[in-house]
Amino acid sequence: MTDDIARIYRAIIADSGVEATDLKVALDELVLQVRPGIESGAIVLDIDDAIRAAGRAIDKRDGGRVDGVLRSIARGEDALELDDDPVLDLVATLGAGRRKIWRFVTQDDLREMDALRFQNLEAQRIAYKRWREEYQPWIEVLFRHSTIGDAVTANDLPTVLVVGDGAA
């Protein structure tokens, strides 16, 4: 199932050619193309995987609101009663796969969250340095070819891709 959906999704994106497509448009088209396959039985949807994917989406959405949650609570922008407050009931990402609802976050949890952010910052710095080392040689190639696909077809690839090990 995942391979079928990945193939269809990639084909949808490929149909855009050199123009980028919007994620929402691509996902809407994916639904239109995959749904008939699921309804006919040609594509078997694993309901457990679908439920997990929905849970991950909720987790990601709640996790993306972390700064706003702290600001809202500190400024008293929400009623913040301990019963039925959506802000206090959002999922907080503590790190190492651990989650907690905001109303139960402790000082130790906030410190753990801060440490995780610092680790992520350092990982992102290293990843960006590696990206620059890997992307920069392609710029020269793309002066000669309009797309990476054209460069690959012409076997005109960068001569140097990775200068260092990505650490600094």
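I began with Asp 156 and Arg 144, whose side chains meet in a salt bridge at 2.7 Å, N to O (a side-chain nitrogen of Lys or Arg within 4 Å of a carboxyl oxygen of Asp or Glu). The pair links distant parts of the chain, with Asp 156 in the segment after α6 and Arg 144 in helix α5, twelve residues apart. Shared partners join Glu 140, Arg 144 and Asp 156 into one network of salt bridges. Helices here are DSSP runs of H or I, at least four residues, and strands are runs of E, at least two, numbered from the N terminus.

Notes on the source: this is a predicted model, where local features need pLDDT of at least 70, side-chain atom pairs count only at pLDDT 80 or more, and totals for chains, interfaces and linings use all residues. Residues are numbered from 1 along each chain as its sequence is written, and side-chain values use heavy atoms, with hydrogens and water left out.

I searched the whole structure and got twelve salt bridges. One of them joins Arg 103 and Asp 89 at 2.7 Å, N to O. Arg 103 sits in the loop between β2 and α5, Asp 89 in the loop between α4 and β1.

I also looked up Glu 39 and Arg 35, a salt bridge with its closest N and O atoms 3.7 Å apart. Both lie in helix α2, four residues apart, about one turn of the helix.

Last, I checked α1 (residues 2–14) against α2 (residues 23–40): their axes come within 10 Å and cross at roughly 130° (lines fitted to C-alpha atoms over the stretch in contact, angles from 0 to 180 degrees between N-to-C directions).
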